[in-house]
Amino acid sequence: MIYQKLLRPWLFRMDAETAHHTVFNQLKKLQNSDAFLQLVSEIAAVKSPSLQITTSGLTFPNPVGLAAGFDKNAELLPGLAASGFGFLEIGSITAQQSDGNPKPRMFRLPADEALINRMGLNNEGAAAICDRLKKRSINIPVGVNIAKTPGVHKNTDSSIQDYVTSFKLASETADYITLNISCPNTGDGKSFEDPELFRMLLENVLPHRAPGIPVFVKFSADTDDSQLEKLIKISEEHEVDGYVAVNTSTFRNGLNTAPELIERIGKGGLSGRPLRSTSESRVSFIRERIAPQKTLISVGGIASGEDALNRLESGANLVQLYTALVYEGPQLPGKINAFLKERYGRG
Ligand SMILES: Cc1cc2nc3c(=O)[nH]c(=O)nc-3n(C[C@H](O)[C@H](O)[C@H](O)COP(=O)(O)O)c2cc1C
């Protein structure tokens, strides 16, 4: 309530990225205080054995995770863990540091409870981030999402080597690794969602697998059924451990926001409410095509306990969110978990 009534109106007067950094930097300072973390955890965290999930050899205290992109550099882990998330996915990280695209590059669409972003994989680089991650003291799983450094590769081999570099570094510290083959915002054309390139990527990356660290693949929202079918088949042949679906979309259909504003914003990935139905439909599509023990993380437009329950009942093991945090505030993971606990308690 405090977030919606007081903080959100204040933050929404700022540009979307400035608002993100304002909240982020405040939390970064506050998380140095054990008393603050204790207080947040007491208010936000919902603990119950009924929420616990074990999948791909990892145990998650609850199924609600933070999606990639919010804490790209792994700077806010204690604060985020105290907020009640069951796991955190950091990144995307890339082998080389990247400043991303020019600003402005993140836009709110309040009429759709959505965001459009073209951040372009801004991050401090795999080595620095993985070093920071090694020093973590939180006790929930942390996944590392890896992508290709934007704008520097002239051929497929060097793009693949970029993933391999990040993969090896991530393997030293991650609880799981997500291969992000779906970032729509780097503008350098080549996508590893092309089935043959994807096969080559897996053939080069997976031999560096570390025991006990599952590898997941993250798909775009825009992949059509037949392409997705092919990518899943290749993944299953290579014994990928799980899937994250979906990333943002380049589509703009069915929005409430004025077309002129959409036009002015320009390129970028759409996230939040408008992604809900696509993401929902991907859960059963993927679940029907993978081995039962494989992990499926559903992400896209999850903003309530009902949304999360729907994904879990359709075949996801875990869920993630990002955009709804901007609209609903930091108490959202706790609210979703309280709803799930109540439902599971009754069941
Ligand atoms: C500002 C922003 C940055 C993002 N950056 C990344 C990223 O670096 N890597 C990635 O895999 N996904 C990234 N995502 C996508 C999210 O992880 C998620 O897949 C997508 O936003 C859909 O979930 P949501 O509707 O809950 O936001 C980003 C999303 C946003 C809004």
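# Report on a predicted model

Val 246 lies in the loop that runs between strand 10 (242-245) and helix 9 (259-265). Here helices (H or I, at least four residues) and strands (E, at least two) are DSSP runs, numbered from the N terminus. The peptide bond leading from Ala 245 to Val 246 is cis, with omega near 20°.

The model is predicted: local features need pLDDT of at least 70, side-chain atom pairs count only at pLDDT 80 or more, and totals for chains, interfaces and linings use all residues. Residue numbers start from 1 along each chain as its sequence is written.

## Backbone geometry

Most residues other than glycine have a negative phi, and most peptide bonds are trans. A cis peptide bond is also found between Lys 103 and Pro 104, where omega is about -5°. Pro 104 belongs to the loop between strand 4 and strand 5 (106-109).

Positive phi values occur at Glu 113 and at Leu 121, neither of them a glycine. The table places each of these residues.

| Residue | Phi | Loop |
|---|---|---|
| Leu 121 | about 65° | between strand 6 and helix 5 (126-134) |

Are these residues buried or exposed? A residue is buried if 20 or more other C-beta atoms lie within 10 Å of its own, exposed if 12 or fewer, and partly exposed in between, with C-beta atoms placed from the backbone. Glu 113 counts as buried because it has 20 C-beta neighbours inside 10 Å. Leu 121 has 23 such neighbours inside 10 Å and therefore counts as buried.

## The ligand shell

Of the 28 residues around the ligand, Ala 67, Gly 69, Ser 92, Ser 271 and Thr 323 come nearest; a residue is near if its C-beta atom, placed from the backbone, lies within 6 Å. Two or more residues of the shell come from each of strand 4 (87-93), strand 6 (114-117), strand 11 (269-272) and helix 12 (323-328).

## Helix 7 and helix 8

The axes of helix 7 (residues 195-205) and helix 8 (residues 225-237) come within 10 Å and cross at roughly 20°. Axes are lines fitted to C-alpha atoms, for helices over the stretch in contact, and angles run from 0 to 180 degrees between N-to-C directions. The two helices are therefore roughly parallel to each other (angles under 35 degrees; over 145 is roughly antiparallel, 65 to 115 roughly perpendicular and the rest oblique).

Pro 195, Phe 198, Arg 199 and Leu 202 of helix 7 meet Lys 230, Leu 231 and Ile 234 of helix 8, contact requiring C-beta atoms, placed from the backbone, within 7 Å.

Technical notes:
Contact = placed C-beta atoms within 7 Å.
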